[in-house]
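This briefing goes through one protein model by topic. It is meant to be read beside the coordinates.

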Amino acid sequence: NEPYMHDDDDPSRLTARRTQAMASLYRGLLLLLMALLPSAHGATTARGKISAAFVFGDSIVDPGNNNDRLTEAKANFPPYGQDFPGGVATGRFSNGKVPGDMLAARLGIKELLPPYHGNDLPLSELLTGVVFASGGSGYDPLTSIPATATSSTGQLELFLEYKERLRTLVGEEEMTRVISEGIYFTVMGANDLANNYFAIPLRRHQYDLPSYVKFLVSSAVNFTMKLNDMGAKKIAFIGIPPIGCCPSQRELGSRECEPMRNQAANLFNSEIEKEIHRLDAEQNVQGSKFIYLDIYYNLLDLIQRPGFYDFKEVTEGCCGSTVLNAAIFIKNHPACPNAYDYIFWDSFHPTEKAYNIVVDKLFQQNMQYLM
């Protein structure tokens, strides 16, 4: 007779139990490690919490909100989008993706951040974030008028409309969760300087440059506080790029960046950075976070050290370099054959490659605040 074998002595059952015990032990150790590493734990919980990304701004981040507007500031035709998935000109002012897409992708939210206007967006898109930015817009209400763009105030009104739409679709509680757990980026100011103050005489008659910058800073702070009052808890404020280095803003034929425009951008950035730190310290709405992201020196680094980043052309745009080598004015024009060598795509906007490097830098420098 075979000796009676108890269940506990069955080798396969013993192996299974040992495996379960080891798995429990590993789980326990992992939880202990996460408790001992608050920074790592914080990153994972915060990352899990950023459910959506919302972007306000100008053509640096507009993915196509101007497509159906009667405006010169649009890009839904070739050569724009030649390196976008499928080679489609979506209305993004570059040869490929723009910073909103890159920020959303790096946050693990989604690969492309769609425009709020235009196509009927499915609920899944509305829940994970949209872009309200409009090419030609600025913090100064006057800036958007010549471009017939959606002003910064108009973008906040669209955000209010979006909230109502979401409330109708998913109810108050879910809408509030999406809004409070989202991250908000604002990118404006370049048009206020390049296409308003330095291009149209009106503001120059009213303000000297330091006074105009002061007015812009105050308008930008008001915009940021209104956004916060509307439920945005985590706001990342992106400064003005070195606009004097855009091909269209340089002195004709010059290898040098135009100093006055860069000085103005720099002055705005240093003032708004102080204000953003102040808002963050005061935190009128409980649990809010305000951060300043520097696009100025990150883009300037590419312009000053092009070889380091594998660029060959700094002063020219791939589609041309005058004021008329951007937006509607280059509709169906041929682009250069080697966009990869260029920092600027048209006479005002960087290439996808340049944007990618700048967004990478922003993430490396501000990871702990963004995640």
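The points below cover the sheet, the helices, the nonpolar cores and some backbone details.

The model is predicted. Its open sheet has 4 strands in the order 1-2-3-4, with parallel pairing. The largest nonpolar core has 91 residues, and a second, separate core has 14.

**Sheet**

- Strand 1 (53-57) and strand 4 (289-293) are the edge strands of the sheet; each has a single partner strand, so one side of each has no neighbour in the sheet.
- Direction ignored, neighbouring strands of this sheet are turned against each other by 20 degrees on average.
- Strand 2 and strand 3 run parallel and are joined by 5 bridges; Ile183 stands opposite Lys234 in strand 3.
- Strand 3 (residues 234-238) also pairs with strand 4, again in the parallel sense and over 5 bridges.
- Across this second pairing, Lys234 stands opposite Lys289 in strand 4, and Phe237 stands opposite Tyr292 in strand 4.
- A right-handed β-α-β unit is made by strand 3, helix 10 and strand 4.

**Burial of strand 3**

- Because 5 of the 5 residues of strand 3 are buried, the strand is largely enclosed by the rest of the structure.
- In a regular strand, side chains alternate between the two faces of the sheet.
- In strand 3, Lys234, Ala236 and Ile238 are on one side, Ile235 and Phe237 are on the other, and both faces are covered.

**Helix 5**

- Helix 5 (residues 152-170) lies across strand 1 and strand 2 (183-187), and runs at about 155 degrees to strand 1.
- The 19 residues of helix 5 should span 27 Å at 1.5 Å a residue, and this agrees with its end C-alpha atoms, which are 27 Å apart.
- Buried residues of helix 5 are Ser152, Gly154, Gln155, Leu156, Leu158, Phe159, Tyr162, Lys163 and Leu166.
- The cover over these buried residues includes strand 1, helix 4 (123-128), helix 6 (172-181), strand 2 and helix 9.
- After helix 5 comes Gly171, which has a positive phi near 90 degrees.

**Helix 11**

- Helix 11 (residues 296-304) has 7 of its 9 residues buried, so the helix is largely enclosed by the rest of the structure.
- The buried residues are Tyr296, Asn298, Leu299, Leu300, Asp301, Leu302 and Ile303.
- They pack against helix 10 (259-282), strand 5 (313-317), strand 6 (342-344) and helix 12 (352-370).

**Nonpolar cores**

- In the largest core, the residues with the most contacts inside it are Phe56, Tyr162, Phe185 and Phe268.
- Helix 9 (residues 209-229) gives the most to this core, with 9 residues.
- Phe268 is in contact with Tyr139, Val213, Leu216, Val217, Ala220, Phe237 and Ile240, leaving aside neighbours within four places in sequence.
- The second, separate core includes Tyr80, Phe93, Ala339 and Trp345.

- Tyr80 is in the loop between strand 1 and helix 3 (99-106).
- The relative accessibility of Tyr80 is 1%, so this residue counts as buried.
- Tyr80 and Gly91 are 11 residues apart along the chain, and their C-alpha atoms are separated by 7.6 Å.

**Backbone details in loops**

- Most residues other than glycine have a negative phi, and most peptide bonds are trans.
- Pro78 and Pro79 are joined by a cis peptide bond with omega about 10 degrees; Pro79 lies in the loop between strand 1 and helix 3.
- Asp310, in the loop between helix 11 and strand 5, has a positive phi near 65 degrees.
- With 44% relative accessibility, Asp310 counts as partly exposed.
- Asn332, in the loop between strand 5 and strand 6, has a positive phi of about 60 degrees although it is not a glycine.
- Asn332 has a relative accessible area of 52%, so it is exposed; the cut-off for exposed is over 50%.

Terms used:
Residues are numbered from 1 along each chain as its sequence is written. This is a predicted model: local features need pLDDT of at least 70, side-chain atom pairs count only at pLDDT 80 or more; totals for chains, interfaces and linings use all residues. Side-chain values use heavy atoms; hydrogens and water are left out. A nonpolar core is a set of buried Ala, Val, Leu, Ile, Met, Phe, Trp, Tyr and Cys residues joined through side-chain atoms within 4.5 Å. Buried means under 20% relative accessible area, exposed over 50%, partly exposed in between (1.4 Å probe, protein chains only). Helices (H or I, at least four residues) and strands (E, at least two) are DSSP runs, numbered from the N terminus. Contact means heavy atoms within 4.5 Å. Two strands pair if DSSP finds at least two bridges between them. Axes are lines fitted to C-alpha atoms, for helices over the stretch in contact, and angles run from 0 to 180 degrees between N-to-C directions. A crossover is right-handed if, with the strands pointing away from the viewer, the path from the first strand over the helix to the second runs clockwise. The expected span of a helix is 1.5 Å times one less than its number of residues.
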